[in-house]
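Hello,

Here is the structure I said I would pass on. Please open it first, then read my notes below.

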Amino acid sequence: MRLEISLETFDVAIVGFGPTGAIAAGLLGKKGIRTFVCDKSHDVYDKPRAIALDHEISRVFQHMGVGKSIKPFLEPFTDSVYYGVDGQVIKRMSTVAAPYPLSHTPSVVFTQPPVEKILREYASSQASVTVALGLSLTDLTQDAEHATLVLQHEDGHTSQVKAKYVIGCDGASSSVRSLADIQLEDLGFDEPWLVVDVMVNERGLAKLPANSVQYCNPERPATYVIGPGNHRRWEISINPGEDPKDVATPEGTWKLLAPWLTEDDGTLWRQASYRFHALVAETWRKKRVFVAGDAAHQQPPFLGQGMCQGVRDAVNLCWRLEAVLKDGAADTLLDSYGVERKAHVTDLTTRIKGIGKIITERDVEKARARDAKLLAECDGVVKPMPRQDVQPPLTVGLLGSIEHPARGSIFPQPLLNQPDGEKARMDDIYPAGWKVVLRATASDDFTSASTHHHLTSLAVLKLGSSTFSEAEGVLAQWFEKHQVQAAIVRPDHYIYGICNTPQELATELDALKLA
């Protein structure tokens with residue numbers, strides 16, 4: 001489309017229409033917020049980059065109403081088996097057992113191009129969202145009221161768009177981040193790797209492991225991931241002296257795949273050499289400008305959290321923007337977006353680096369010592385560790401004052417019994433918003449204490465009541481595990497506060513002032 005200087009001022013302008021930008025546009029559009037989103041690419045990239053998602057992201061798809069459309073492109077993530085120097089199993093990453101805490105498969109692999117297309121189509125279908133493709137950002141300025149984007153079209157002419165807020169979702173080489181003068185902090189990881197996606201035929205599949213694998217081999221660390229259908233991915237470390245361009249040619253790639261496959265066993269879908277980084281934006285907000293997704297952080301892929309992190313950014317920021325733009329919340333609420341997400345990303349990236357250190361040890365003796373240490377810690381019996389255990393809670397930002405291990409974590413989503421005998425996910429019956437969820441044993445005084453709030457709306461749900469009866473005991477187990485009576489849950493499903501007395505609940509709610 002050809003845009004001239006826009007006569008309309010948008011509430012939010014998003015630069016970048018990849019997964020993070022598309023989800024942000026979809027979430028804002030769903031709430032009727034006037035949103036402009038642009039990208040230099042007309043179409044989604046036709047090759048996979050991300051390959052793994054988790055149940056938190058599936059819950060976002062559910063909220064957007066695209067979960068059923070996306071489901072055909074998802075498959076459960078197999079266990080990841082770690083092999084040491086001498087071929088022995090030293091570690092195993094798995095998933096949590098059913099019943100699932102968010103009522104979605106906790107870890108999945110997916111095919112990115114069709115999923116990303118669905119996300120774009122959803123955002124584009126929203127009446128309040130304007131999509132402009134084939135545009136590149138060339139300048140970004142701000143004043144007391146708006147930010148102004150200067151956009152260059154493919155024919156060379158430029159146009160301007162004004163918005164109250166701007167979100168840079170434009171990737172690792174973000175123009176928004178550069179123009180806003182936001183610097184990146186180095187978290188200390190920089191290694192060259194080759195990423196290879198192969199569509200493997202039946203002959204090739206017969207040769208390959210039945211689980212995903214981390215080859216913790218000092219001579220050449222590597223990762224093998226079982227993707228959907230016959231899609232298989234390898235991430236292979238590039239050794240000193242090897243040319244990243246040469247190994248990314250078909251000839252160079254097949255040479256590195258020789259321990260597993262030959263050219264007769266499949267078709268290369270994508271092969272690209274990368275430097276795996278660990279970077280995080282120094283600040284995530286500059287006045288009216290925010291960064292999200294790869295524009296705000298990059299991490300090694302050892303836990304498959306890259307796209308997940310970007311989706312978390314979008315959800316975290318968009319519920320705040322809705323509160324400010326539609327519900328009268330103070331602009332300062334937006335400050336806690338970067339505080340929360342930077343700390344969370346830094347924590348998770350540090351944990352991912354720890355996993356990477358296990359995989360990438362190059363010294364043979366140190367690697368053997370690593371193997372011995374891991375086996376000693378489990379008394380020689382390697383037990384599966386759920387990937388979800390690596391996920392940290394929020395530790396700073398918009399959180400209640402009572403410290404508790406569950407504060408800042410994701411609140412479960414149980415399956416609820418319906419009057420017609422069917423089962424429904426909690427979020428489909430009680431959509432995203434502020435909630436107080438009470439244990440079945442909580443006294444009526446907790447319900448009375450829930451009136452002490454300054455929010456525009458607050459749902460109060462008591463487990464075991466006629467309208468809030470669960471089917472699988474997920475919440476009952478959660479309350480028993482954490483030994484609490486009440487949880488205050490934010491619109492993004494993170495737990496604001498944990499309470500054990502009506503007075504604590506009243507105090508935490510009374511202190512929760514967004515305006």
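How many helices and strands does the secondary structure of the protein chain come to? There are 15 helices and 26 strands. Keep in mind that this is a predicted model.

Overall shape first. The radius of gyration is 24 Å, close to the 24 Å from the globule rule for 515 residues, so the chain is as compact as a globular protein of that length. The C-alpha trace spans about 65 × 65 × 45 Å along its principal axes. Of the 515 residues, 54% are buried. Take the contacts with a separation of 6 or more: 73% of them come from residues 24 or more positions apart.

Now surface and charge. The accessible surface is about 21,400 Å², and carbon and sulfur atoms hold 51% of that. The side chains include 54 positive and 65 negative ones. The centres of these two sets lie 1 Å apart.

The largest nonpolar core has 111 residues. Leu119, Trp434 and Leu505 touch the most other members. Helix H9 (residues 306-326) gives this core its largest share, eleven residues. Another core lies apart from it, with 20 residues, including Val213, Ala222, Val247 and Trp254.

Leu505 deserves a look in the viewer. Beyond its neighbours within four places in sequence, Leu505 contacts Val436, Leu438, Phe446, Ala449, Ser450, Ala486, Ile488 and Cys499.

Then some backbone points. Most residues other than glycine have a negative phi, and most peptide bonds are trans. Here are the exceptions I noted.

- Ala98 and Pro99 are joined by a cis peptide bond, with omega about 0°. Pro99 sits in the loop between strand S6 (89-94) and strand S7 (107-110).
- Ser103 is in the loop between S6 and S7 too. Its phi is positive, near 65°, and it is not a glycine. Ser103 is buried, with a relative accessible area of 14%.
- Asp379 has a positive phi of about 55°, again without being a glycine. Asp379 lies in the loop between helix H11 (364-377) and S20. Is Asp379 buried or exposed? Exposed, with a relative accessible area of 70%.

One last residue. Glu403 belongs to the loop between strand S20 (385-386) and strand S21 (415-417). Glu403 is exposed, at 69% relative accessible area.

Best wishes

Note on methods. Residues numbered from 1 in each chain as written. Predicted model: local features only at pLDDT ≥ 70, side-chain atom pairs only at ≥ 80, totals over all residues. Heavy atoms only, no water. Helix = DSSP H or I, 4+ residues; strand = E, 2+ residues; numbered from the N terminus. Rg over C-alpha atoms; globule rule 2.2 N^0.38 Å. Buried < 20%, exposed > 50% of the residue type's maximum accessible area, 1.4 Å probe, protein only. Contact = heavy atoms within 4.5 Å. Areas by Shrake-Rupley, 256 points an atom, 1.4 Å probe, with all protein chains shown as cover. Lys, Arg positive; Asp, Glu negative; His and termini not counted. Charge placed at Lys NZ, Arg CZ, Asp CG, Glu CD. Core = buried A, V, L, I, M, F, W, Y, C linked by side-chain atoms within 4.5 Å.
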